[in-house]
Amino acid sequence: MKGNKLFAPILITVLLCLWSLAQGVTILLFPGLPGFLRPAMIFPVLLAVASLYNLNARIKEIRSGEEDDLDNY
């Protein structure tokens with residue numbers, strides 16, 4: 001049962017990471033981009049790292065059985 005609850009967060013995180021890293025590579029490899037914009041590649045990388053951090057937290061929530069916190073309020 002927990003495998004079904006893990007499927008969507010993992011799929012969305014993988015797709016988001018692939019999309020954001022593709023944007024970073026595009027920024028890096030774009031030949032007409034001015035040099036001062038090259039550090040903008042850090043934002044897609046940070047988005048991927050944050051997504052993986054949140055996925056890890058979500059997996060811990062699901063495994064501990066705390067996925068329905070709204071019932072506490």
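A residue is called buried when its relative accessible area is under 20%, exposed when that area is over 50%, and partly exposed in between. The model discussed here is a predicted one.

Q: Why is Ser20 called buried?
A: Buried means under 20% relative accessible area. Ser20 has a relative accessible area of 0%, so Ser20 is buried. Ser20 is found in helix α1.

Q: What does Ser20 touch, not counting residues up to four places away in sequence?
A: Ser20 touches Pro44, Leu47 and Ala48. Contact here requires heavy atoms within 4.5 Å.

Q: What makes the pairing of the Ser20 side chain with the backbone oxygen of Pro44 a polar contact?
A: The limit for such a pair of N or O atoms is 3.5 Å, and one atom must be able to donate a hydrogen and the other to accept it. A polar atom of the Ser20 side chain lies 3.4 Å from the backbone oxygen of Pro44, and this distance is within the limit.

Q: Is Ser51 buried or exposed, and how do you know?
A: The relative accessibility of Ser51 is 11%. Buried means under 20%, and Ser51 therefore counts as buried. Ser51 has its place in helix α2, where the buried residues are Pro44, Ala48, Ser51, Leu55, Ile59 and Ile62.

Q: Which partners does Ser51 have?
A: The side chain of Ser51 reaches the backbone oxygen of Leu47 at 2.8 Å. Leaving aside neighbours within four places in sequence, Ser51 is in contact with Thr13, Leu16 and Cys17.

Q: Why is Val14 called partly exposed?
A: The class lies between the buried limit of 20% and the exposed limit of 50%. Val14 is at 43% relative accessibility and therefore counts as partly exposed. Val14 has its place in helix α1, which covers residues 2–29.

Q: Where do Glu61 and Arg58 sit relative to each other in helix α2?
A: Glu61 and Arg58 are three residues apart in α2 (residues 42–64), and are therefore separated by about one helical turn. An α-helix has 3.6 residues a turn, so residues three or four places apart point the same way. Glu61 is partly exposed, with a relative accessible area of 30%, and Arg58 is partly exposed, also with 30%.

Q: How do you know that the span of α2 agrees with its number of residues?
A: At 1.5 Å a residue, the 23 residues of α2 should span 33 Å. The end C-alpha atoms of α2 are 33 Å apart, so the two values agree. After α2 comes Gly65, whose phi is positive, near 85°.

Note on methods. Residues are numbered from 1 along each chain as its sequence is written. This is a predicted model: local features need pLDDT of at least 70, side-chain atom pairs count only at pLDDT 80 or more; totals for chains, interfaces and linings use all residues. Side-chain values use heavy atoms; hydrogens and water are left out. Helices (H or I, at least four residues) and strands (E, at least two) are DSSP runs, numbered from the N terminus. Buried means under 20% relative accessible area, exposed over 50%, partly exposed in between (1.4 Å probe, protein chains only). The expected span of a helix is 1.5 Å times one less than its number of residues.
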